[in-house]
Amino acid sequence: MKEKKDCKIVQDLLPNYVEKLTNEETNQYIKEHLAECKECNKIYENMQKDLGIHHKRSDAKAINYMKKYNHKLKTLKIILLIIFLLFVVVVGRKTWILSSLSHKAQETETQETRNFRSKVINYKDGEVIIWDSYSKGDVILLYITTYGENTNKKEQIIYKSSEEKFVLTDDGETKTMKELGDVFINPISFTSDLFLENIWLAMTTSLEKITLQGQECYMIRDGDMEKFINPDTGLAIKLVDNVVNRTSDYYYEFGNVTDEDVARPDTTGYVVEE
Ligand SMILES: [Zn+2]
């Protein structure tokens, strides 16, 4: 009878024993019983066989799952690679266009700025400001005229030569003359001399070729700003800032400035300001 009672206990413990969940003391007790009891030993062996089959089945399931998973992963990798390549192609193409525009602008600046005229017209809040400049050699003559809806016309003339630099201001009431620091006038380009900056520009802005007033040009849409670029010179044509409602038009002309265009302006009637 003692044997039978042990058998029951051992058989109760066997499922845990085959899964190696029982403690050392219990293991010892079961091992001793199995060595002596054929019936329990047989049950134990069957359980081990079942466990083996079960494990094999779940292994096969796991392998199948891994295969499917790997396949999905591969597809995902290919899709990501395609997206990445498209991104590289699009950004690469834009960077190339921006870099070649900036290269053209630099060429224009280094070769032609010894003799050029530029005109920039700004429109903002019912006010028009016109920058009209003539550059020849070291001499610069710049007219800045402001027309306001509710204000007088204001005119400023900036003159720079190797001997003197001054600004004449005529606001319709007073005429003053003031000495100036230094003045530089360079054509505007919306691209950068730095390759990395052009990559950044290519990634963060849209670039398209459009026709503006019958003229082919590139348009960079940078947030709320639209920048139009002359494809031949790389220089600015137009800037539209939709945030502050400002429009600027740029005109450039090279090689036509004469000595007369940059003659020292007449300063009579202007009061010198310290
Ligand atoms: Zn037994």
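Helices and strands are here DSSP runs, of at least four residues and at least two residues respectively, numbered from the N terminus. On that basis, Val243 is placed in the loop between E10 and strand E11 (246-254). The model is a predicted one.

**Nonpolar cores**
- The largest nonpolar core comprises 18 residues, and those with the most contacts inside it are Leu101, Tyr218, Ile220, Ile229, Ala236, Ile237 and Tyr250.
- Two or more residues of this core come from each of helix H3 (38-112), helix H4 (195-204), strand E8 (215-222), strand E9 (225-229) and strand E10 (236-241).
- Another core, of 8 residues, lies apart from it and includes Phe116, Tyr134, Ile158 and Val262.
- When neighbours within four places in sequence are left aside, Leu101 contacts Thr191, Tyr218, Ile229 and Gly234.

**Helices H2 and H3**
- Helix H2 (residues 24-36) contains 13 residues, and its first and last C-alpha atoms are 19 Å apart, close to the 18 Å expected at 1.5 Å a residue.
- Of the 13 residues of H2, the number buried is 1, so H2 lies largely in the open.
- H3 has 75 residues, which should span 111 Å at 1.5 Å a residue; the distance of 107 Å between its end C-alpha atoms agrees with this.
- The buried residues of H3 are Cys40, Tyr44, Lys94, Thr95, Leu98, Ser99, Leu101, Ser102, Ala105 and Thr108.

**Packing of H3 against H4**
- The axes of H3 and H4 are 8 Å apart, and the two helices pack at an angle of about 130 degrees.
- H3 and H4 are therefore oblique to each other, and their crossing is right-handed.
- On the H3 side the contact is made by Val91, Lys94, Thr95, Leu98, Ser99 and Ser102, and on the H4 side by Phe195, Asn198, Ile199, Leu201, Ala202 and Met203.

**Loop residues**
- Val243 has 8 other C-beta atoms within 10 Å and is exposed, because 12 or fewer is the cut-off for that class.
- Val243 and Leu180 are separated by 63 residues in sequence and, C-alpha to C-alpha, by 32 Å in space.
- Asp125, in the loop between strand E1 (115-124) and strand E2 (127-136), has a positive phi of about 50 degrees although it is not a glycine.
- Asp125 counts as exposed, with 9 C-beta neighbours inside 10 Å.
- Gln213 lies in the loop between strand E7 (206-212) and E8, and its phi is also positive, near 50 degrees, in a residue other than glycine.
- Gln213 counts as exposed, with 8 C-beta neighbours inside 10 Å.

Conventions. Residues are numbered from 1 along each chain as its sequence is written. This is a predicted model: local features need pLDDT of at least 70, side-chain atom pairs count only at pLDDT 80 or more; totals for chains, interfaces and linings use all residues. A nonpolar core is a set of buried Ala, Val, Leu, Ile, Met, Phe, Trp, Tyr and Cys residues joined through C-beta atoms within 7 Å. A residue is buried if 20 or more other C-beta atoms lie within 10 Å of its own, exposed if 12 or fewer, and partly exposed in between; C-beta atoms are placed from the backbone. Two residues are in contact if their C-beta atoms, placed from the backbone, lie within 7 Å. The expected span of a helix is 1.5 Å times one less than its number of residues. Axes are lines fitted to C-alpha atoms, for helices over the stretch in contact, and angles run from 0 to 180 degrees between N-to-C directions. Angles under 35 degrees count as roughly parallel, over 145 as roughly antiparallel, 65 to 115 as roughly perpendicular and the rest as oblique. A crossing is left-handed if the near helix is turned anticlockwise from the far one by less than a right angle, and right-handed if clockwise.
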